[in-house]
Amino acid sequence: MKQQHWLTSSDQSHQLKVNYWLPTEKPKAVIQLVHGMVEHIDRYDSFAKFLNAQGYAVIGHDHLGHGDSIDNVGEYGYFAEQKGYRYLITDVKRIEEQWRTKFPEVPYFLLGHSMGSLVVRDVLIEYPTERLQGAIMMGTAYESLLKMNVALLVSRAFIRFRGKRYRSTFLDNLAFNGFNRHIHSARTSKDWLSRDEDQVDAYIQDPKNQFTFTTQAYQDLFYLTKEASSPKKLNQIDPRLPLLVISGEEDPVGRYGKGVIACAQQLAKNGNPVTLELMAEGRHELLNEQNAKTVYQLLVNWLRKYEKTSTDRK
């Protein structure tokens, strides 16, 4: 059963909503979920309950500017006046530290989706000595540093002339334009999320998903992506850490597999045990796809592979 509590963000201002789902017996591992852009942690309820049934505890929070971690609706899509990406990274670490004290001897995994997968990579970069059992990056992106530097320049220009809280259609199109181009006769602007029409409709009808990032938040997103796509930065990740990189073959965020493969290859160059999974015909939200239960089981199989052996990592 889902429960929740509140934790002060690392920005020392906002209260983060933290959901947790606990199995009936002592968990065999803890899975910390890190959600994506323009969504919220309640959307992971079905997946979390499935993991509970397999004996796992699940933790996850609403990022700053998302879900219920806001003081007013005007804060949707806004992290902070500057370097908001730092708070996203630190908040994940704070929640991890809190739940490690509750289950100190239990294996601990991170699972990030989309923007959350970038946050997870940046956590692994910044805290390479943290004793994790593994990390999963789902629906991830991997971009050239040149592209991200250009994106940062553009976002800085908008901030300078329109302000940090301005919501730019141009920046939104820069991030999402063309995501439906592989879909013939797209029914909605969000068909790229999933082949499951009910899931797409549920996303569109959810009021907590209906906002545009501010110029400052886009700059934070571009920083997250740049850091998480830097070969030099990725070399800072503990090379012993098992990693699962999983995306849909038809996910535009991962450039239809190209960016996902490049990401997995770069991580493997670092020496990490990397498992790469590209789901045939899958779009961006694999947990909400037509074959979601197959994806659920694939993730559990990977967790089982490392939940016992990886506890020896120090």
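## Ground rules

Contact here means heavy atoms within 4.5 Å. This is a predicted model, so local features need pLDDT of at least 70 and side-chain atom pairs count only at pLDDT 80 or more, while totals for chains, interfaces and linings use all residues. Residues are numbered from 1 along each chain as its sequence is written, and side-chain values use heavy atoms, with hydrogens and water left out.

Helices (H or I, at least four residues) and strands (E, at least two) are DSSP runs, numbered from the N terminus.

## Ser155 and its surroundings

Let's start with Ser155, which sits in helix H4 (residues 145-162). Not counting residues up to four places away in sequence, Ser155 touches Leu171, Thr215, Gln219 and Phe222. Its relative accessible area is 0%, so Ser155 is buried (buried means under 20%, exposed over 50% and partly exposed in between, with a 1.4 Å probe and protein chains only). The Ser155 side chain also reaches the backbone oxygen of Leu152, at 2.9 Å.

## H5 against H7

Two packed helices are described by the angle between their axes and the distance between the axes. For helix H5 (residues 169-176) and helix H7 (residues 215-228), the axes come within 10 Å and cross at roughly 30 degrees. Axes are lines fitted to C-alpha atoms, for helices over the stretch in contact, and angles run from 0 to 180 degrees between N-to-C directions. H5 and H7 are therefore roughly parallel to each other; the classes are under 35 degrees for roughly parallel, over 145 for roughly antiparallel, 65 to 115 for roughly perpendicular, and oblique for the rest.

H5 passes H7 in a left-handed crossing, meaning that the near helix is turned anticlockwise from the far one by less than a right angle (clockwise would be right-handed). On the H5 side, the contact uses Leu171, Asp172, Leu174, Ala175 and Phe176, and on the H7 side Thr215, Tyr218 and Phe222. Those residues divide into six nonpolar, one polar and one charged. For these classes, Ala, Val, Leu, Ile, Met, Phe, Trp, Tyr, Cys and Pro count as nonpolar, Asp, Glu, Lys and Arg as charged, and the others, Gly among them, as polar.

## H1 against H10

Next, another helix pair. The axes of helix H1 (residues 45-53) and helix H10 (residues 292-307) come within 11 Å and cross at roughly 45 degrees. That makes H1 oblique to H10, and the crossing is right-handed.

From H1, Ser46, Phe47, Phe50 and Leu51 meet Tyr296, Gln297, Leu299, Val300 and Leu303 of H10. By class, this contact has seven nonpolar, two polar and no charged residues.

Ser9 is in the loop between strand E1 (2-8) and strand E2 (15-21), and at 0% relative accessibility it counts as buried. Its side chain makes a polar contact with the side chain of Asp91 (3.0 Å). Leaving aside neighbours within four places in sequence, Ser9 is in contact with His14, Leu16, Leu64, Asp91 and Arg94. A polar contact is a pair of N or O atoms within 3.5 Å; within protein, one must be able to donate a hydrogen and the other to accept it, and residues adjacent in sequence count only if both atoms are side-chain atoms.

Val92, in helix H2 (residues 84-102), is buried too, with a relative accessible area of 0%.

## Positive phi

Most residues other than glycine have a negative phi. Lys83 has a positive phi of about 50 degrees, and at 52% relative accessibility it counts as exposed. Ser185 has a positive phi of about 55 degrees and, at 75% relative accessibility, counts as exposed.
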